[in-house]
Number of protein chains: 2
Amino acid sequence: MATVPKTEQTTTPVPQRLLAAATRLFAEQGYDRTSVQEIVEAAGVTKGALYHYFGSKDDLLHEIYARVLRLQQERLDAHAEADEPVEKRLRDAAADVVVTTIANLDDAQIFFRSMHHLSPEKNKQVRAERRRYHERFRALVEEGQTAGVFSSATPADLVVDYHFGSVHHLSTWYRPAGPLTPQQVADHLADLLLRALRP
Amino acid sequence: MATVPKTEQTTTPVPQRLLAAATRLFAEQGYDRTSVQEIVEAAGVTKGALYHYFGSKDDLLHEIYARVLRLQQERLDAHAEADEPVEKRLRDAAADVVVTTIANLDDAQIFFRSMHHLSPEKNKQVRAERRRYHERFRALVEEGQTAGVFSSATPADLVVDYHFGSVHHLSTWYRPAGPLTPQQVADHLADLLLRALRP
DNA sequence: CGAGGCATACCGACTGGTTAGTCTGCGCCC
DNA sequence: GGGCGCAGACTAACCAGTCGGTATGCCTCG
């Protein structure tokens, strides 16, 4: 009894519902403050379902990280490989990560706030992927510096951390109801980066 | 029995020992992962002592926040009021907050990672003080923009968030064992800010 | 074509362990 | 002798993960 009525309208698959519920709750309350019970209730299932699809609560968090990392890396790669001058490639990449981050503010909040809740191995894995991302971005900055279109006054590593600091920070202050659209914020932040890099 | 031996060498007062232990442990493991039991053991006392001086675990966290906020606000005020051109005042303030943050990386880590663990009222209070700090800093940027020594291309608010993003981010990547001294990092980051603001 | 078996998907009570905060009491100092 | 500073056992609540059980569809073989 009490099974889902068999209309032909497809229901969202349970694993996705669980991930969506977990993402929202982790962002709102933090990982440790969110009980597995809350997640399954929000997703309309029970613990049995969650542990059928995921090995642990920690696993759920890891899935959220993997999704974000994959998305951002793909987008960065696309911009970095474009057939454009390096200034434009960097600007586009810098602006895009801002837009994408704002579009997934919950993910971003979790990302930067809950890394230390991952198990050591999963944490290491995430760090490694994160480093790849960082290095790809840094390569863009270095390319411009070598070509002389960017100032070399600041080490490329620091430039990258400077920019990602601001991205990281977005989930702290950006509110959709605010005066600026995501694209406007992205343009401004990319502009600040490029202005700082003027020779 | 087992009282501290009564040599005349003054022992650090218990409340300070508790705060120091809590700061270290919160930074290492996160607020929720640190039990009150761990804190009192690290401080060499028992729960009775902790709850004698602090109303709750949450209170302990709030004290840490208050300490950081007071320190940073004092230093910003000093720089902002100095008798110097606005470029120098902003640069000094921007560099100083970096140095101070690196000198108290544990505090910084807790600050940005654990705000949501504070009770709603305490959270509101901290946000209010934080806003005062932000506005003081913004006033410096605006002063320079009005005077024409800084570009007005970017709203001052965004400029401030851009810089504090990088400060916020420090606890993620800065390691004392790294190649750069705190002062060098501070100079670079302040430089990036000022370069971005060149008209 | 239909019966029987099997895997997948999920349920929900239960367990063992942990935790913040309380409370009674004790010793030392003024 | 009274109160401050603290000790440490205790409680009530909670929580991640387990496990035996059930329903449902598919596949196979007679």
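Here are a few questions and answers about this predicted model.

Author: Welcome! In this predicted model, local features need pLDDT of at least 70 and side-chain atom pairs count only at pLDDT 80 or more, while totals for chains, interfaces and linings use all residues. Residues are numbered from 1 along each chain as its sequence is written, chains are lettered from A in the order in which they are written, and side-chain values use heavy atoms, with hydrogens and water left out.

Reader: Is A:Ser171 buried or exposed?

Author: A:Ser171 lies in helix H8 of chain A (helices are DSSP runs of H or I with at least four residues, numbered from the N terminus). Buried means under 20% relative accessible area, exposed over 50% and partly exposed in between, using a 1.4 Å probe and protein chains only. The relative accessible area of A:Ser171 is 10%, so A:Ser171 is buried.

Reader: Which residues does A:Ser171 touch, not counting those up to four places away in sequence?

Author: Contact means heavy atoms within 4.5 Å. With those sequence neighbours left out, A:Ser171 touches A:Leu105 and A:Gln109.

Reader: How are H7(A) and H8(A) set to each other?

Author: Their axes (lines fitted to C-alpha atoms over the stretch in contact, with angles from 0 to 180 degrees between N-to-C directions) come within 9 Å and cross at roughly 120°. Angles under 35 degrees count as roughly parallel, over 145 as roughly antiparallel, 65 to 115 as roughly perpendicular and the rest as oblique. H7(A) and H8(A) are therefore oblique.

Definitions and conventions: Helix = DSSP H or I, 4+ residues; strand = E, 2+ residues; numbered from the N terminus.
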